[in-house]
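Here are my notes on the charged side chains, as promised. Have the model open while you read.

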Amino acid sequence: MRLFGKKIKLLESHAQYSKFSEYAEKMIILNQGAGYQAMAANDFMKKIIVTPIDDIRGWLEEHGKSEFEPVSQDWQEGKAEKQKNKANSPKVR
C-alpha cells in the first residue's frame with residue numbers, strides 16, 4: 001500500500017488529482033475486505049504501482065473526467081444474481 005500511496009501522491013499537481021485520490025482511498029478500503037471488490041481493488045492498485053507515471057497522466061487526460069466509478073453495488077448484485085442463476089440452472093450436455 002505504501003508504493004500505491006507514493007504513486008498517487010506523484011499525481012498531486014494533476015487537475016484530476018482530487019477525484020483520482022478519492023477513488024484511490026476507496027480502493028485502499030476495499031482492498032482490506034474480501035471477495036470480488038477486494039480482488040478488483042488489489043488489481044487496480046497493482047496496475048497503478050507498475051504503470052509509468054506518464055502513462056497514468058495520459059490516461060487521466062483521456063479518460064479521467066468520466067471513468068472514476070468504483071465497482072458499483074448494482075453491478076455487484078447483478079453479477080451475484082447471474083452466478084446464482086448459473087449455479088441453479090440445469091446442466092446441458
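1. Let's start with Asp54: it is exposed, at 56% relative accessible area (exposed is over 50%, buried under 20%, partly exposed in between, with a 1.4 Å probe and protein chains only). Keep in mind that this is a predicted model, where local features need pLDDT of at least 70, side-chain atom pairs count only at pLDDT 80 or more, and totals for chains, interfaces and linings use all residues. Residues are numbered from 1 along each chain as its sequence is written, and side-chain values use heavy atoms, with hydrogens and water left out.

2. What does Asp54 pair with? Its salt-bridge partner is Arg57, with the closest N and O atoms 3.4 Å apart (a salt bridge being a side-chain nitrogen of Lys or Arg within 4 Å of a carboxyl oxygen of Asp or Glu). Arg57 is partly exposed, at 29% relative accessibility.

3. Next, helix α2 (residues 17-31): Lys26 and Glu22 both lie in it, four residues apart, about one turn of the helix. Their side chains form a salt bridge at 3.8 Å, N to O. Lys26 is partly exposed at 37%, and Glu22 is also partly exposed, at 47%.

4. Then there is Lys9 with Glu12, a salt bridge at 3.0 Å, N to O. Lys9 comes out partly exposed at 47% relative accessibility, and Glu12 is partly exposed at 44%.

5. For the overall tally, the structure holds four salt bridges; the pairs above are among them.

Methods. Helix = DSSP H or I, 4+ residues; strand = E, 2+ residues; numbered from the N terminus.
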